[in-house]
Amino acid sequence: MRVHSSYSRRLADTAVAGWPVVIKLQVRRFFCGVDACPVKTFAEQIPGLTTRYARRTPLLRKLLEAVAIALAGRAGARLATRLGVVVGRSTLLRLIRAIPDPQIGDVAVLGVDDFALRRGHVYGTVLVDMDSHRPVDLLPDREADAFADWLRAHPGAKVICRDRAGAYAEGGRTGAPEAIQVADRWHLWHNLAKHVDKTVAAHRGCLTPLPAVDSDSQAEEDVRQPAPVLVMAVEQPLDHTPDRAFDATLDVCGRERRLVTRTRERYAAVCDLLAKGESLAGIGRTLGLDRKTVQRFARATSLDELLVKATARASKLDPFKPYLHQRWNQGCTDIPTLHAELQAQGWSGSVQAVRRYFRPFRHLAVAPPTTPAIPKPREITRWILTHPDHLDTDAHTKLDEARSHCPELKMTATHVSTFAEMMAHLNGDKDRLEAWMSSVDADDLPHLHSFTTGLRRDVQAVINGLTTRFNSGPVEGIVNKIKYLKRQMFGRANFDLLRKRVLLA
């Protein structure tokens with residue numbers, strides 16, 4: 001080979017003791033001895049030190065790629081500067097995009113789930129190798145066609161672990177018809193929990209404490225039936241007889257609460273428009289309501305179902321009510337004084353809240369006895385969904401009281417316990433699952449009926465989820481990782497950059 005010429009070349013290398021290092025090379029250029037070669041000259045390369053057109057050594061490039069994958073642009077540039085390498089954020093992002101995708105290979109057990117690119121608007125799909133627990137690809141949407149096309153391009157999937165979204169079920173049937181589809185147990189339990197929460201909210205009114213009565217009538221009542229649930233055992237003064245029962249739909253002045261009035265009017269308007277044949281979207285445009293709000297009003301069986309949360313809300317004053325009643329009956333009726341005493345106990349509310357609470361008591365000789373706050377629907381739902389061995393004594397007691405005073409909650413807890421047993425022991429075969437769904441449908445639990453209807457639409461995948469070891473736990477972990485990477489880049493990364501970081505991280 002004949003030498004054509006030589007030139008100087010500068011290569012940045014990793015820092016030494018925090019100081020930047022630049023390697024200066026004198027490189028020769030040669031003539032190509034092959035007449036047919038279109039390249040007339042070429043430059044020599046030093047293995048392990050130089051590559052074509054590179055201004056960094058392979059060692060430094062690997063270092064910057066690792067920093068970029070871990071920290072992305074600005075944060076990576078700051079770290080590189082502390083390591084003695086001056087580099088811009090855009091350079092780091094270009095390095096990430098230039099890294100080739102890892103080889104996918106054969107994926108026998110595939111996990112699929114969606115993730116938010118822009119929450120509530122744009123969603124993508126993540127595909128995970130369930131054997132290695134590593135993401136294999138990201139898709140820019142969550143459509144059935146895109147998933148089916150990916151399966152055709154990468155044949156070999158024998159098991160598809162997914163949630164209960166219809167798009168992934170359809171895409172799996174189209175792209176890999178021979179694969180077994182498994183409904184993820186976490187999603188099954190999560191969907192059941194949402195329907196249980198709706199059921200508890202609809203029947204929370206069953207736990208509302210009964211209005212207090214005088215001692216003689218209470219004694220007669222105790223002979224006929226046991227004491228009501230959740231009523232605190234506080235001795236009531238003998239000379240007190242309340243003028244009226246507590247009505248949660250009224251404010252402290254006896255007027256109907258604005259929230260109750262608005263809910264009543266909206267419910268009447270939605271029912272009227274539905275009777276005229278209007279669609280949910282049309283009703284939303286007419287009334288200026290979101291479609292989900294219209295759907296909630298349309299699905300309600302009665303107005304009381306909509307007013308449960310509005311009329312049974314907990315108050316920040318609830319923990320202090322026994323003390324307030326005690327002080328009031330002791331003769332302390334000065335509101336500022338009571339407010340000051342509450343502040344000493346940790347109360348952070350205003351004096352007006354205390355004044356509004358005592359306003360109905362002004363015409364009474366003594367304050368009525370207090371009743372403990374009803375557990376929130378989410379608390380009752382948590383107790384129902386938690387294994388009995390993991391509940392403390394207080395939670396056990398309150399759950400038993402709730403079940404004893406509401407047949408619907410008792411039936412719900414029984415059904416949840418049976419379903420949990422099928423999930424834990426993987427014995428939810430076709431006969432057992434069908435028997436469970438029939439048992440749920442036989443009870444008056446409309447929210448759980450909606451859950452069983454959804455199960456029947458995807459019954460084979462549900463059976464596979466309740467009888468096989470496969471689940472989408474690793475996929476949920478990757479989704480959380482994607483959320484972390486998005487936050488790290490302030491949600492501004494393009495899909496291609498996010499995909500690279502997820503696959504390479």
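1. In this predicted model, the lining of the second largest pocket divides by class into 9 charged, 6 polar and 6 nonpolar residues. The volume of this pocket is about 640 Å³. Among the 21 lining residues, those closest to the pocket centre are Asp114, Phe115, Ala116, Val479 and Lys483.

2. The biggest share comes from α21, which supplies 7 residues.

3. A separate point concerns the packing of two helices. Helix α8 (residues 258–275) meets helix α10 (residues 291–299) at an angle of about 80°, and their axes lie 9 Å apart. Angles from 65 to 115 degrees count as roughly perpendicular, so α8 is roughly perpendicular to α10.

4. Which residues make the contact between α8 and α10? From α8 they are Thr263, Arg266, Tyr267, Val270 and Leu274, and from α10 they are Val294, Phe297 and Ala298. By class, this contact has 6 nonpolar residues, 1 polar and 1 charged.

5. For the chain as a whole, there are 22 helices and 8 strands. Of the 505 residues, 38% are buried.

6. Contacts in the chain were also sorted by separation. Taking those with a separation of 6 or more, 59% are between residues 24 or more positions apart.

Key. Residues numbered from 1 in each chain as written. Predicted model: local features only at pLDDT ≥ 70, side-chain atom pairs only at ≥ 80, totals over all residues. Heavy atoms only, no water. 1 Å grid on protein atoms, 1.4 Å probe; cavity = no way out; pocket = protein on both sides within 12 Å on 5 of 7 lines; lining within 4 Å. Points joined across faces, edges and corners; volume = space filled by probe spheres on them. Helix = DSSP H or I, 4+ residues; strand = E, 2+ residues; numbered from the N terminus. Nonpolar A, V, L, I, M, F, W, Y, C, P; charged D, E, K, R; others polar. Axes fitted to C-alpha atoms, helices over the stretch in contact; angles between N-to-C directions. Parallel < 35°, antiparallel > 145°, perpendicular 65-115°, else oblique. Contact = heavy atoms within 4.5 Å. Buried < 20%, exposed > 50% of the residue type's maximum accessible area, 1.4 Å probe, protein only.
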